Amino acid sequence: MKRTVLLIGLVLGWTTCAFAQVDTGRDLSKYADDKFSEDDKYQVETPYQTVVVKQPKSKKIKNVIFMIGDGMSMEAVTVGWTLNGGHLNMDNCPVAGYSRTYCADQLITDSCAGGSALAGGEKTKYGYIGQDVNEKPFFTLLHQAQSLGKKTGLVVTCRINDATPADFVCHSPDRHLEAEIAAQYVDSGVDYILGGGRQFWDQREDGRNLIQEMKARGYNFVEKREELADIHDGKLLALFAPLDMDPCLDRGPVLEDGTMKAIELLSKNNKKGFFLMVEGSQIDDWAHRNKVGYMAEELFDFDKTIGKVLQWAEKDGHTLVVITADHGTGGITLVGGSLEERNVKVHFSTKGHHGIVVPVFAYGPHAEDFQGIMENAELSNRIRKLIK
């Protein structure tokens with residue numbers, strides 16, 4: 001009898017864990033009616049063309065582009081690879097490794113603690129943004145780049161005051177203090193800021209208009225992707241949505257265009273180089289919702305951006321590109337599909353995060369320093385040593 005009760009309890013406990021909704025702070029309600037007939041199956045009719053680049057010979061690092069696929073597990077990468085017929089732009093990276101994502105007080109991290117470790121080089125508590133376990137602010141990779149005279153930038157498709165981008169710039173013990181986090185960008189000195197979340201800038205309860213404050217500090221401001229083409233120099237603030245941007249199927253190549261504009265502006269007349277963090281923010285969202293089609297399209301959007309970045313880095317010759325994830329999401333198992341027909345069938349074991357290691361890819365000078373198994377914080381410290 002005791003054994004039966006124990007088994008029932010374990011089953012109920014697993015079910016609660018696996019299917020409980022996780023609060024990501026995103027409003028995806030208008031996408032409740034999925035565009036794809038089955039959440040666990042997807043097929044790609046026409047794959048996108050991937051690039052081929054060669055590893056540069058130089059060992060001098062001038063620029064660092066840190067690319068983070070939020071929730072991008074190794075399983076998600078494999079799903080994308082299968083759907084695109086066995087090719088991804090990530091495949092160009094000559095070095096691969098794994099990162100352990102657990103945080104200081106929990107085995108299963110969130111984006112706050114996971115991103116903070118990648119930014120600050122030290123594991124911290126669940127929910128903490130840019131600060132250590134004692135709530136002391138991190139001196140992040142972005143801050144270090146600024147101290148060396150490098151220009152800095154952030155490109156995301158979530159709100160700019162969400163966990164991962166904020167981890168590199170801001171400090172807070174609670175991700176839900178969103179208005180306070182947004183206000184920290186005003187004096188941050190970051191040269192290029194692109195994301196969503198405009199409502200936290202000009203519709204604030206305290207009456208401040210952070211957009212006007214940024215303009216007063218010399219920033220150009222745009223609110224549409226098409227307006228990026230008109231900006232050719234100077235600092236930039238781009239806020240493309242009241243909260244988070246639409247899925248990539250609806251928003252267009254914002255991540256791609258925003259990233260390449262960042263590289264253009266940050267590298268212009270700049271002898272000291274730059275640090276740029278690019279996040280594929282919504283891979284995580286759709287893995288949370290267990291929708292493999294949307295998740296795959298977000299991963300493709302991220303990988304297409306990687307392709308453009310690698311092409312630029314190959315020509316530049318002095319840019320280190322590091323690609324990883326803050327954690328995995330969804331507990332994806334690839335249970336069927338075809339490379340030739342570019343289709344998959346998957347099983348999601350959870351609507352939350354999980355604690356399995358995530359991939360690390362590196363390209364450019366000193367890419368070999370990122371092979372093997374490492375802690376997420378160690379990944380940050382390896383970058384820190386190379387640009388110091």
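Colleague: So what does helix 2 lie across?
Modeller: Helix 2 (residues 74-83) lies across strand 1, strand 11 and strand 12, at about 10° to strand 11. Contact means heavy atoms within 4.5 Å. Axes are lines fitted to C-alpha atoms, for helices over the stretch in contact, with angles from 0 to 180 degrees between N-to-C directions. Helices (H or I, at least four residues) and strands (E, at least two) are DSSP runs, numbered from the N terminus.

Colleague: And helix 12, at what angle to strand 1?
Modeller: About 45°; helix 12 (residues 292-316) also lies across strand 1, strand 11 and strand 12.

Colleague: Before I go on, what are the ground rules?
Modeller: It's a predicted model, so local features need pLDDT of at least 70 and side-chain atom pairs pLDDT 80 or more, while totals for chains, interfaces and linings use all residues. Residues are numbered from 1 along each chain as its sequence is written, and side-chain values use heavy atoms, leaving out hydrogens and water.

Colleague: Fine. What's the strand order in that sheet?
Modeller: 1-12-11, an open sheet with antiparallel pairing; strands pair if DSSP finds at least two bridges between them. Strand 1 (41-43) and strand 11 (332-338) are the edges.

Colleague: How many bridges join strand 1 to strand 12?
Modeller: 3, and Y42 stands opposite V344 in strand 12.

Colleague: New topic: is helix 3 mostly covered or open?
Modeller: Mostly covered: 10 of its 10 residues (111-120) are buried, meaning under 20% relative accessible area with a 1.4 Å probe, protein chains only. Its cover includes helix 4 (141-147) and strand 9 (319-324).

Key: Buried means under 20% relative accessible area, exposed over 50%, partly exposed in between (1.4 Å probe, protein chains only).
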